[in-house]
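Have a go at each task before reading its solution.

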Amino acid sequence: MMKAATENKHLKAAGRRLPDYPFRWQGLEDFAYQLDEQGVPRVDMGKRLGLRYNPITIAQYGLFNLQQFSATQNQSCLQRAHACAGWLIDNFKEWRPGIGAWIYDYDLNFYGPAAPWISGMAQAQGISLLLRVHQLNAAERVPEITHQAFQAFLRPTAEGGVVSHFSDGSLIFEEFPTDPPSHVLNGHIFALLGIHDYAAYWQKEAALELFDVAVVGLERNLDLYDTGCWNLYDLHPSRRLASPMYVKVHVQLLRLLADLTSDVLFAETSEKWSAYLRDPICRARWLFGKILEKIRLRF
């Protein structure tokens with residue numbers, strides 16, 4: 001188990017300068033979205049909703065292009081990152097007293113959040129992009145926006161925040177504010193990365209303590225996502241198995257957490273779940289499980 005706030009040396013080591021965003025989308029996401037006239041991606045949400053702006057997709061596309069710019073110095077990549085950051089700045093709104101957010105204005109049928117709603121993952125990745133753009137070219141509103149966006153991580157979902165709890169009372173940050181809670185694993189870990197970025201960039205000790213507390217809670221509950229031969233996407237009562245792609249996402253995210261915290265459990269779980277992907281028996285059981293899941297959820 002990691003030691004909490006007594007080992008906050010990674011805060012001081014990071015200083016105000018953030019490295020490239022650590023998660024890599026290569027092989028997982030091709031960002032083949034339709035772009036608007038500003039170069040901002042829109043997601044096809046089907047016949048009913050059509051093309052919609054998704055703050056998560058926009059933040060990820062910006063972070064991806066910043067990674068590409070860092071590797072190639074291609075100015076087009078930098079321009080695309082700035083376009084995404086500009087959208088986030090222009091579309092940041094007051095959500096609750098003291099909380100600003102990127103607000104979803106459409107419903108999600110499966111999980112059930114009805115518009116308007118906010119996402120802990122969107123809050124975090126929006127912060128991560130804006131801080132990295134800010135350190136390249138300071139934008140006037142970024143400090144205010146990131147501070148207000150962070151406030152969502154201090155309030156429960158019932159009060160307009162993104163904080164929920166595992167059954168043992170440990171903190172988890174919700175990607176989707178559902179009832180009952182969904183506890184999406186990748187959304188929670190992406191939220192942790194954004195909180196860590198915020199703490200490091202602005203030198204906020206209290207934010208890093210929040211990160212530490214949430215990490216300890218994840219340690220205590222990580223096994224809930226493990227079926228013994230695969231892992232779950234979330235802890236929603238539907239108990240959906242993660243797709244192979246999302247298992248790869250979980251594996252990478254746990255490795256990143258292991259690097260940030262020196263936590264052996266995260267490293268070991270990452271290796272175990274990676275082994276599930278390579279095991280033909282596990283993959284066959286996943287396929288059979290998904291068939292049964294579709295039948296079960298249909299009825």
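**Exercise 1. Find which residues lie on the face of helix 10 turned away from its buried side.**

Step 1. The face of helix 10 turned away from its buried side carries Pro280, Ile281, Phe288, Lys294 and Arg298, which are exposed. Buried means under 20% relative accessible area, exposed over 50%, and partly exposed in between (1.4 Å probe, protein chains only). Helices are DSSP runs of H or I with at least four residues, strands are runs of E with at least two, and both are numbered from the N terminus.

Step 2. Now turn to the other group: Cys282, Trp286, Gly289, Lys290 and Glu293 of helix 10 are buried. They cover an arc of only 110 degrees around the axis, so they sit on the same side of helix 10. The arc is taken from the directions from the helix axis to the C-beta atoms.

Step 3. Look at what covers those buried residues: it includes helix 8 (244-261) and helix 9 (264-278). Contact here means heavy atoms within 4.5 Å.

A note on the source: this is a predicted model, where local features need pLDDT of at least 70 and side-chain atom pairs count only at pLDDT 80 or more, while totals for chains, interfaces and linings use all residues. Residues are numbered from 1 along each chain as its sequence is written, and side-chain values use heavy atoms, leaving out hydrogens and water.

**Exercise 2. Decide whether Leu78 is buried or exposed, and find what Leu78 touches.**

Step 1. Locate Leu78 in helix 3 (residues 75-90).

Step 2. With a relative accessibility of 15%, Leu78 counts as buried.

Step 3. Leaving out residues up to four places away in sequence, Leu78 touches Leu66, Phe69 and Leu136.
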